[in-house]
Amino acid sequence: MGHVENGILQGSPISPILAAFYTAELLEKFQHRATDETVPNPDRATDVHLIMSVDDRKIYVSSKSLEANMEKLKEAYKETEDLLRSAGLSPDYAKRELMHYTRRKNDGSPSITFDDRDSTQQVVKPESTVRWLGVYFDCKLRFQKPMAKMQSAA
């Protein structure tokens with residue numbers, strides 16, 4: 001018997017359907033769970049949340065501590081990677097991005113170090129601007145880059 005190749009071409013109409021099917025468990029894992037607290041505690045990190053659009057994912061958490069956020073993000077990324085792997089998928093390590101949204105000065109913008117599956121350590125440094133679903137976000141959420149792009153286009 002010959003080698004069997006499978007896969008779907010990028011842009012195929014079935015691609016979003018299959019992506020939703022394969023990643024449904026991932027969304028369920030990070031579905032927001034109601035807590036008993038009636039008022040959120042600003043001194044504690046929020047639950048980790050996941051937003052998805054076909055093959056783009058954004059994992060986020062919020063707290064007063066960048067270090068606490070990064071620990072929660074590392075745990076969430078590991079869980080995400082494990083769930084993807086159990087479905088026969090894998091994340092694209094080169095596409096990982098990190099953004100600390102803060103208006104505080106001198107936060108240091110720490111990097112995150114991940115242990116990849118081949119036991120190599122990958123450092124993801126915070127970006128000054130990231131693009132997600134065609135929208136540019138800056139760390140201060142001032143949207144200067146999209147405004148500059150629209151001005152130059154006009």
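Is Lys29 buried, partly exposed or exposed? Lys29 is partly exposed, because its relative accessible area is 38%; buried means under 20%, exposed over 50%, and partly exposed in between, with a 1.4 Å probe and protein chains only.

## Basis of the model

This is a predicted model, in which local features need pLDDT of at least 70 and side-chain atom pairs count only at pLDDT 80 or more, while totals for chains, interfaces and linings use all residues. Residues are numbered from 1 along each chain as its sequence is written, and side-chain values use heavy atoms, with hydrogens and water left out.

## Lys29 and helix H1

Lys29 lies in helix H1. Helices (H or I, at least four residues) and strands (E, at least two) are DSSP runs numbered from the N terminus. Not counting residues up to four places away in sequence, Lys29 touches Glu79 and Leu83; contact means heavy atoms within 4.5 Å.

Tyr22 counts as partly exposed because its relative accessibility is 40%.

## A nonpolar surface patch

Tyr22 is part of a nonpolar surface patch with Ile8, Ile14, Ile17, Leu18, Phe21 and Leu89. Together these residues have about 660 Å² of accessible area, a value from the Shrake-Rupley method with a 1.4 Å probe, where only the protein chains shown count as cover for residues. Nonpolar side chains (Val, Leu, Ile, Met, Phe, Trp, Tyr) are joined within 5 Å, and like charges within 9 Å.

## The nonpolar core

The largest nonpolar core has 16 residues, and Leu26, Phe30 and Ile112 have the most contacts inside it. Such a core is a set of buried Ala, Val, Leu, Ile, Met, Phe, Trp, Tyr and Cys residues joined through side-chain atoms within 4.5 Å. Two or more residues each come from strand S1 (49-53), helix H2 (66-86) and strand S3 (112-115). H2 gives the largest share, 6 residues.

Beyond its neighbours within four places in sequence, Ile112 is in contact with Met70, Leu73, Lys74, Leu98, Gln122, Val123 and Val124.

Asp138 is in strand S6 (residues 135-138). Asp138 is buried, because its relative accessible area is 11%. Leaving out residues up to four places away in sequence, Asp138 touches Met99, Tyr101, Ser128, Thr129, Phe143 and Gln144.

Leu133 sits in the loop between strand S5 (129-132) and S6. Its phi is near 55°, a positive value in a residue other than glycine.

Note on methods. Patches are made of residues with over 30% relative accessible area and no salt bridge: like charges are joined within 9 Å, nonpolar side chains (Val, Leu, Ile, Met, Phe, Trp, Tyr) within 5 Å. A salt bridge is a side-chain nitrogen of Lys or Arg within 4 Å of a carboxyl oxygen of Asp or Glu.
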